[in-house]
Amino acid sequence: MTPEEREAWLKARGITIETVEDRKAAASGGVAPVVLQLQGTDVSEDVDGVELAFVPADTSKPIRSVKLPPGLLQPGSGDAAVNFVKPYFASNTASVDASLLKEQAGKQFAGGNLEGLDMSKLTTGAMNAVAAQGSVETFPLVRPAESNRYTGVYVYLDEVGLLKRLQQNKRATAIAESCGFSPAPSFYGDVFIGRVATKPMMMNVDFVVGKDTDRAAEWMQRAGAENLIWQAEMNKIQGNSDTQPPAAGTEGKAVQESGFAFTQDDDEVEVTVEFDEDIDKKSIKVVFLPKSLKVTYKGEEALNINIFDKIDVDGCTWQLD
């Protein structure tokens with residue numbers, strides 16, 4: 001297999017590859033097609049190509065169409081939307097917030113323990129250099145399944161939008177909620193939404209503003225069930241049984257552990273810590289991390305546990321009964 005054939009094979013399976021030619025084109029000083037389209041009027045009827053939805057974080061601005069130019073839609077090119085939208089995110093020159101960078105690093109690395117992380121390499125300057133190149137994260141709203149003809153719908157967002165303290169995109173979150181996500185994820189800054197077919201090969205297909213962005217759209221109504229189908233298929237591939245016994249704490253009965261008790265369901269885990277005395281709420285400190293929970297009272301550790309899977313830190317709360 002030649003290098004060109006290997007590149008085409010990888011791209012057809014969704015692997016994003018940036019070649020030397022791609023980098024030279026990006027550095028040539030030309031204005032990217034996505035930026036040109038968004039600087040003009042609504043171009044949905046004027047430009048050939050595959051349609052994406054552009055969803056601004058500012059709710060006073062309309063959701064509008066942009067189109068992947070035909071030149072990017074070569075056979076075997078995979079998901080062309082990633083490289084198409086990257087220059088738009090690079091054009092946002094907001095700087096990464098240094099304090100937020102350290103805070104997020106503490107949450108994401110080593111369970112909050114930064115001793116094993118070289119913070120000298122994770123600098124604001126380094127992150128700004130990455131952001132200046134454009135950094136795209138994709139979030140699947142619906143996974144490819146037989147019922148949707150193996151076609152997924154994805155959000156394309158600025159990977160460092162949170163660190164730039166960009167405005168939360170409430171409309172994108174509402175769309176994710178309509179797709180069955182609970183709690184729905186938070187997106188920061190402007191986003192794009194597109195559709196990708198995966199069979200017979202990966203290719204971009206139209207995601208139409210109005211028809212597909214309507215909260216009552218058929219694809220949104222099916223999304224929750226189709227994501228469950230996809231998960232069931234992944235369980236088969238990974239050897240997990242759909243008929244495994246219920247996980248501990250899922251049948252309404254609390255599981256008692258040393259120092260705490262817990263119950264859980266598909267969406268939430270509730271942890272209860274008991275104290276032997278009347279306590280002062282102001283002296284309690286609760287720290288939620290993606291895979292751990294820590295409770296201290298008057299500076300002394302009352303609980304420090306690891307959690308089996310990642311949790312949504314922003315959606316966590318605690319209360320005193």
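pLDDT is the predictor's confidence in each residue, on a scale from 0 to 100. The views below show a predicted model.

**View 1. Confidence along the chain of the predicted model.** The chain has a mean pLDDT of 79, and 72% of its residues reach 70 or more. Over residues 23–29 the value is below 50, and this stretch makes one contact in the model beyond near neighbours in sequence. Residues 109–114 likewise stay under 50 in pLDDT; for this second stretch the model has 10 contacts beyond four places in sequence.

**View 2. The open sheet β10-β11-β12.** Three strands make up this sheet in the order β10-β11-β12, with antiparallel pairing. The edges are taken by β10 (284–289) and β12 (300–306); each has a single partner strand, so one side of each is left without a neighbour in the sheet. On average, neighbouring strands of this sheet are turned by 10° against each other, direction ignored.

**View 3. Pairing of β11 with β12.** Strand β11 comprises residues 292–297 and pairs with β12 in the antiparallel sense over six bridges. Within this pairing, V295 has L303 of β12 as its bridge partner. Strands of a sheet pair through backbone hydrogen bonds, either parallel or antiparallel.

**View 4. Helix α8, residues 218–238.** At 1.5 Å a residue, the 21 residues of α8 should span 30 Å, and the end C-alpha atoms of the helix are 30 Å apart, which agrees. After α8 comes G239, with a positive phi near 80°.

**View 5. Packing of the buried residues of α8.** Which residues of α8 are buried? They are W219, M220, A223, E226, N227 and N235. An α-helix has 3.6 residues a turn, so residues three or four places apart point the same way.

**View 6. Helix α7 and its surroundings.** Buried residues of α7 are R171, A172, T173, A174, I175 and A176. Against which elements do the buried residues of α7 pack? The partners are the strands β1 (50–55), β3 and β5, together with helix α8. Following α7 is G180, whose phi is positive, near 100°.

Terms used
Residues are numbered from 1 along each chain as its sequence is written. This is a predicted model: local features need pLDDT of at least 70, side-chain atom pairs count only at pLDDT 80 or more; totals for chains, interfaces and linings use all residues. Side-chain values use heavy atoms; hydrogens and water are left out. Two strands pair if DSSP finds at least two bridges between them. Helices (H or I, at least four residues) and strands (E, at least two) are DSSP runs, numbered from the N terminus. Axes are lines fitted to C-alpha atoms, for helices over the stretch in contact, and angles run from 0 to 180 degrees between N-to-C directions. The expected span of a helix is 1.5 Å times one less than its number of residues. Buried means under 20% relative accessible area, exposed over 50%, partly exposed in between (1.4 Å probe, protein chains only). Contact means heavy atoms within 4.5 Å.
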